[in-house]
Amino acid sequence: MQTVLFHSTIFGPIHSRRLGVSLGVNLTPNDGKICTFDCLYCEAGFNAQGQGTTGFPSRESVAEKLENKLREMKESGSPLDVITFSGNGEPTVHPEFPGIIDDTLRIRDKYYPDAKVSVLSNATRAGRPEIFKALLKVDNNIQKLDSAITETIHRLDRPTLPHLTAEKIIGELREFGDRCIVQTMLLRGEYDGKEIDNTTPEEINALIEAYRRIGPREVMIYSIDRQTPARNLVKVPREELDAIAKRITDETGIPVQTA
(Lines give C-alpha, C1' and ligand atoms only; values in the text may rest on other atoms or scores of the structure.)
Protein backbone atom coordinates (compact mmCIF):
# COMPACT_ATOMS: atom_id res chain seq x y z
CA MET A 1 0.00 0.00 0.00
CA GLN A 2 1.22 3.48 -0.85
CA THR A 3 2.13 5.28 2.39
CA VAL A 4 2.62 8.81 3.66
CA LEU A 5 5.00 11.12 1.82
CA PHE A 6 6.18 13.37 4.61
CA HIS A 7 8.15 12.08 7.58
CA SER A 8 8.80 15.44 9.25
CA THR A 9 6.80 18.45 10.36
CA ILE A 10 8.72 20.87 8.13
CA PHE A 11 9.73 19.60 4.68
CA GLY A 12 11.33 21.04 1.56
CA PRO A 13 11.55 23.55 0.16
CA ILE A 14 10.16 21.95 -2.97
CA HIS A 15 8.99 23.42 -6.27
CA SER A 16 5.20 23.44 -6.43
CA ARG A 17 3.48 23.34 -9.81
CA ARG A 18 1.05 25.99 -8.64
CA LEU A 19 2.80 27.97 -5.89
CA GLY A 20 6.53 28.21 -6.69
CA VAL A 21 9.32 27.57 -4.14
CA SER A 22 7.37 26.14 -1.23
CA LEU A 23 8.33 25.19 2.31
CA GLY A 24 5.89 22.58 3.53
CA VAL A 25 4.29 22.25 6.96
CA ASN A 26 2.79 18.88 7.91
CA LEU A 27 0.45 19.16 10.91
CA THR A 28 -0.53 15.48 10.84
CA PRO A 29 1.57 12.53 12.11
CA ASN A 30 4.94 11.83 10.51
CA ASP A 31 4.20 8.12 10.25
CA GLY A 32 0.47 8.03 9.52
CA LYS A 33 -2.43 9.82 7.89
CA ILE A 34 -5.37 11.72 9.37
CA CYS A 35 -7.87 13.13 6.92
CA THR A 36 -11.60 13.75 6.60
CA PHE A 37 -11.36 12.63 2.96
CA ASP A 38 -9.89 9.39 1.61
CA CYS A 39 -9.33 10.48 -1.99
CA LEU A 40 -8.66 7.88 -4.65
CA TYR A 41 -5.80 10.00 -5.98
CA CYS A 42 -4.15 11.12 -2.71
CA GLU A 43 -0.37 11.08 -3.07
CA ALA A 44 -0.10 10.29 0.65
CA GLY A 45 -2.04 7.05 0.22
CA PHE A 46 -5.29 5.76 1.69
CA ASN A 47 -6.44 6.35 5.26
CA ALA A 48 -6.36 2.58 5.81
CA GLN A 49 -2.62 2.79 6.46
CA GLY A 50 -3.56 4.17 9.88
CA GLN A 51 -2.83 7.24 11.98
CA GLY A 52 0.66 6.16 13.00
CA THR A 53 2.23 6.57 16.43
CA THR A 54 3.70 10.08 16.54
CA GLY A 55 0.43 12.02 16.87
CA PHE A 56 -0.04 15.69 16.07
CA PRO A 57 3.08 17.86 16.51
CA SER A 58 2.62 20.41 19.29
CA ARG A 59 2.07 24.06 18.48
CA GLU A 60 5.38 24.89 20.19
CA SER A 61 7.24 22.27 18.16
CA VAL A 62 5.82 23.54 14.87
CA ALA A 63 6.85 27.12 15.67
CA GLU A 64 10.34 26.12 16.78
CA LYS A 65 11.02 23.93 13.73
CA LEU A 66 9.62 26.50 11.33
CA GLU A 67 11.70 29.31 12.81
CA ASN A 68 14.87 27.20 12.75
CA LYS A 69 14.32 26.32 9.09
CA LEU A 70 13.52 29.87 8.00
CA ARG A 71 16.54 31.21 9.86
CA GLU A 72 18.75 28.65 8.15
CA MET A 73 17.31 29.47 4.73
CA LYS A 74 17.65 33.20 5.28
CA GLU A 75 21.29 32.87 6.34
CA SER A 76 22.09 30.79 3.24
CA GLY A 77 20.31 33.21 0.90
CA SER A 78 17.72 30.66 -0.22
CA PRO A 79 14.63 31.97 -2.02
CA LEU A 80 11.13 31.30 -0.71
CA ASP A 81 7.79 32.03 -2.36
CA VAL A 82 5.38 30.36 0.01
CA ILE A 83 4.93 28.43 3.26
CA THR A 84 2.37 25.74 2.52
CA PHE A 85 0.28 23.73 4.96
CA SER A 86 -0.41 20.34 3.40
CA GLY A 87 1.27 17.09 4.49
CA ASN A 88 -0.20 13.68 5.32
CA GLY A 89 -3.84 14.69 5.60
CA GLU A 90 -6.10 17.63 6.39
CA PRO A 91 -4.18 20.42 8.20
CA THR A 92 -7.25 21.97 9.82
CA VAL A 93 -7.88 18.85 11.93
CA HIS A 94 -4.95 19.85 14.15
CA PRO A 95 -6.50 20.95 17.48
CA GLU A 96 -4.26 24.04 17.62
CA PHE A 97 -4.59 25.04 13.95
CA PRO A 98 -5.69 28.67 14.58
CA GLY A 99 -2.79 29.32 16.96
CA ILE A 100 -0.32 27.71 14.58
CA ILE A 101 -1.47 30.05 11.82
CA ASP A 102 -0.84 33.04 14.11
CA ASP A 103 2.65 31.74 14.96
CA THR A 104 3.44 31.13 11.29
CA LEU A 105 2.47 34.63 10.23
CA ARG A 106 4.61 36.13 12.98
CA ILE A 107 7.65 34.01 12.07
CA ARG A 108 7.13 34.58 8.34
CA ASP A 109 7.11 38.34 8.88
CA LYS A 110 10.41 38.10 10.75
CA TYR A 111 12.37 36.19 8.09
CA TYR A 112 10.54 36.26 4.73
CA PRO A 113 7.90 39.02 4.87
CA ASP A 114 7.25 38.78 1.12
CA ALA A 115 6.52 35.04 1.22
CA LYS A 116 2.91 33.96 1.13
CA VAL A 117 1.26 31.58 3.57
CA SER A 118 -0.96 28.99 1.89
CA VAL A 119 -3.28 26.35 3.30
CA LEU A 120 -4.39 23.42 1.17
CA SER A 121 -7.65 22.24 2.70
CA ASN A 122 -10.42 19.86 1.64
CA ALA A 123 -13.12 22.33 2.79
CA THR A 124 -14.75 19.87 5.20
CA ARG A 125 -14.06 22.08 8.25
CA ALA A 126 -14.43 25.51 6.69
CA GLY A 127 -17.73 26.05 8.44
CA ARG A 128 -16.23 25.88 11.94
CA PRO A 129 -15.96 29.49 13.19
CA GLU A 130 -12.42 29.17 14.57
CA ILE A 131 -11.17 27.52 11.36
CA PHE A 132 -12.98 30.05 9.17
CA LYS A 133 -11.36 32.97 11.03
CA ALA A 134 -7.89 31.42 10.83
CA LEU A 135 -8.19 30.77 7.10
CA LEU A 136 -9.16 34.38 6.48
CA LYS A 137 -5.72 35.41 7.83
CA VAL A 138 -3.61 33.52 5.28
CA ASP A 139 -2.60 34.78 1.85
CA ASN A 140 -3.77 31.76 -0.11
CA ASN A 141 -6.78 30.01 1.37
CA ILE A 142 -6.98 27.10 -1.09
CA GLN A 143 -10.11 24.97 -0.74
CA LYS A 144 -10.91 21.75 -2.57
CA LEU A 145 -14.01 21.24 -4.69
CA ASP A 146 -13.53 18.23 -6.97
CA SER A 147 -17.18 18.04 -7.93
CA ALA A 148 -20.39 19.95 -7.38
CA ILE A 149 -22.33 16.67 -7.40
CA THR A 150 -22.61 14.84 -4.07
CA GLU A 151 -22.46 11.33 -5.55
CA THR A 152 -19.19 12.13 -7.29
CA ILE A 153 -17.67 13.61 -4.14
CA HIS A 154 -18.47 10.39 -2.28
CA ARG A 155 -17.07 8.25 -5.09
CA LEU A 156 -13.90 10.25 -5.74
CA ASP A 157 -13.05 11.98 -2.43
CA ARG A 158 -14.70 9.39 -0.14
CA PRO A 159 -15.41 11.67 2.85
CA THR A 160 -15.31 10.14 6.30
CA LEU A 161 -18.37 12.29 7.05
CA PRO A 162 -21.18 10.19 5.54
CA HIS A 163 -23.75 12.98 5.32
CA LEU A 164 -21.47 15.53 3.63
CA THR A 165 -23.08 17.07 0.54
CA ALA A 166 -21.85 19.23 -2.31
CA GLU A 167 -24.42 21.84 -1.28
CA LYS A 168 -22.92 22.08 2.21
CA ILE A 169 -19.39 22.52 0.88
CA ILE A 170 -20.42 25.10 -1.70
CA GLY A 171 -22.48 27.02 0.85
CA GLU A 172 -19.59 27.22 3.30
CA LEU A 173 -17.09 28.22 0.59
CA ARG A 174 -19.50 30.93 -0.51
CA GLU A 175 -18.90 32.59 2.88
CA PHE A 176 -15.25 33.11 1.87
CA GLY A 177 -16.11 34.56 -1.53
CA ASP A 178 -13.00 36.14 -3.03
CA ARG A 179 -11.05 35.36 0.15
CA CYS A 180 -10.47 31.85 -1.15
CA ILE A 181 -9.04 29.97 -4.10
CA VAL A 182 -10.92 26.87 -5.24
CA GLN A 183 -8.83 23.91 -6.36
CA THR A 184 -10.28 21.09 -8.47
CA MET A 185 -8.65 17.78 -9.41
CA LEU A 186 -9.94 16.49 -12.74
CA LEU A 187 -9.47 12.85 -13.70
CA ARG A 188 -11.05 9.76 -15.21
CA GLY A 189 -10.85 6.07 -14.52
CA GLU A 190 -12.41 3.25 -12.57
CA TYR A 191 -12.41 2.08 -8.97
CA ASP A 192 -14.16 -0.84 -7.33
CA GLY A 193 -16.12 -1.52 -10.50
CA LYS A 194 -17.44 2.04 -10.78
CA GLU A 195 -16.57 4.64 -13.40
CA ILE A 196 -14.90 7.84 -12.19
CA ASP A 197 -15.09 10.90 -14.44
CA ASN A 198 -15.57 14.47 -13.25
CA THR A 199 -14.93 15.94 -16.71
CA THR A 200 -18.32 15.09 -18.26
CA PRO A 201 -20.54 17.94 -19.49
CA GLU A 202 -22.81 17.43 -16.46
CA GLU A 203 -19.86 17.68 -14.05
CA ILE A 204 -18.28 20.73 -15.68
CA ASN A 205 -21.64 22.52 -15.90
CA ALA A 206 -22.21 21.90 -12.18
CA LEU A 207 -18.70 23.06 -11.29
CA ILE A 208 -19.10 26.27 -13.29
CA GLU A 209 -22.34 27.03 -11.48
CA ALA A 210 -20.63 26.33 -8.14
CA TYR A 211 -17.70 28.60 -8.98
CA ARG A 212 -20.15 31.31 -9.95
CA ARG A 213 -21.97 30.97 -6.62
CA ILE A 214 -18.78 30.94 -4.55
CA GLY A 215 -17.05 33.79 -6.38
CA PRO A 216 -13.46 32.80 -5.48
CA ARG A 217 -10.41 34.92 -6.25
CA GLU A 218 -9.13 32.21 -8.54
CA VAL A 219 -9.79 28.63 -9.60
CA MET A 220 -6.99 26.06 -9.94
CA ILE A 221 -7.66 22.99 -12.06
CA TYR A 222 -5.13 20.23 -12.40
CA SER A 223 -4.82 16.49 -12.94
CA ILE A 224 -2.82 13.63 -11.45
CA ASP A 225 0.95 13.95 -11.67
CA ARG A 226 2.22 11.15 -9.40
CA GLN A 227 1.42 7.56 -8.54
CA THR A 228 -2.03 7.23 -6.98
CA PRO A 229 -3.24 4.61 -4.48
CA ALA A 230 -6.11 3.71 -6.83
CA ARG A 231 -4.34 2.33 -9.87
CA ASN A 232 -6.90 2.73 -12.66
CA LEU A 233 -7.00 6.51 -12.82
CA VAL A 234 -6.19 8.50 -15.95
CA LYS A 235 -4.63 11.94 -16.24
CA VAL A 236 -6.56 14.57 -18.18
CA PRO A 237 -4.38 16.05 -20.97
CA ARG A 238 -3.15 19.61 -20.51
CA GLU A 239 -4.88 20.78 -23.70
CA GLU A 240 -8.22 19.62 -22.32
CA LEU A 241 -7.55 21.31 -18.98
CA ASP A 242 -6.75 24.54 -20.80
CA ALA A 243 -10.00 24.31 -22.80
CA ILE A 244 -12.02 23.75 -19.60
CA ALA A 245 -10.19 26.64 -17.94
CA LYS A 246 -11.05 28.96 -20.82
CA ARG A 247 -14.68 28.00 -20.62
CA ILE A 248 -14.78 28.63 -16.85
CA THR A 249 -13.30 32.10 -17.27
CA ASP A 250 -15.51 32.92 -20.25
CA GLU A 251 -18.65 31.99 -18.31
CA THR A 252 -17.77 33.32 -14.84
CA GLY A 253 -15.04 35.94 -15.28
CA ILE A 254 -12.94 34.09 -12.69
CA PRO A 255 -9.21 33.64 -13.49
CA VAL A 256 -8.19 29.98 -13.82
CA GLN A 257 -4.76 28.45 -13.39
CA THR A 258 -4.01 25.03 -14.87
CA ALA A 259 -1.21 22.66 -13.93
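These questions and answers look at a pocket and some aromatic rings in a predicted model.

User: Which element supplies the largest share of the lining of the second largest pocket?

Analyst: The second largest pocket has a volume of about 190 Å³. α4 (150-156), β8 (194-197) and α6 (201-214) each give at least two residues to its lining. The largest share is four residues, and it comes from α4.

User: How many charged residues are in the lining of the second largest pocket?

Analyst: The lining includes Glu151, Arg155, Glu195 and Asp197. Ile149 and Thr152 are also among the lining residues. By class, three residues are nonpolar and two are polar, while the charged ones number six.

User: Is the aromatic pair of Phe132 and Phe176 stacked or edge-to-face?

Analyst: The model has three aromatic pairs. In the pair of Phe132 and Phe176, the rings lie 4.6 Å centre to centre, with 20 degrees between the planes. Planes under 30 degrees apart count as one class, so this pair is stacked.

User: How many residues apart are Phe132 and Phe176?

Analyst: Phe132 belongs to helix α3 (residues 129-135). Phe176 belongs to helix α5 (residues 166-176). The pair links distant parts of the chain, 44 residues apart.

User: Does Phe176 count as buried or exposed?

Analyst: Phe176 has 3% relative accessibility. The cut-off for burial is under 20%. Phe176 therefore counts as buried.

User: Which residue lies over the face of Phe46?

Analyst: Two rings can be looked at here. Lys74 lies over the face of Tyr112, at 5.0 Å from the ring centre. For Phe46, the distance from the ring centre is 4.6 Å, and the residue is Arg158.

Notes: Residues are numbered from 1 along each chain as its sequence is written. This is a predicted model: local features need pLDDT of at least 70, side-chain atom pairs count only at pLDDT 80 or more; totals for chains, interfaces and linings use all residues. Side-chain values use heavy atoms; hydrogens and water are left out. On a 1 Å grid over the protein atoms alone, a cavity is a set of points where a 1.4 Å probe fits but cannot get out, and a pocket is an open set with protein on both sides within 12 Å along at least five of seven lines; lining residues have an atom within 4 Å of a point. Grid points are joined across faces, edges and corners, and a volume is the space filled by probe spheres set on the points. Ala, Val, Leu, Ile, Met, Phe, Trp, Tyr, Cys and Pro count as nonpolar, Asp, Glu, Lys and Arg as charged, and the others, Gly among them, as polar. Rings of Phe, Tyr and Trp (its six-membered ring) pair if their centres lie within 6.5 Å; planes under 30 degrees apart count as stacked, over 60 as edge-to-face and the rest as tilted. Buried means under 20% relative accessible area, exposed over 50%, partly exposed in between (1.4 Å probe, protein chains only). A charge sits over a ring if NZ of Lys or CZ of Arg is within 6 Å of the ring centre and within 35 degrees of the ring normal.
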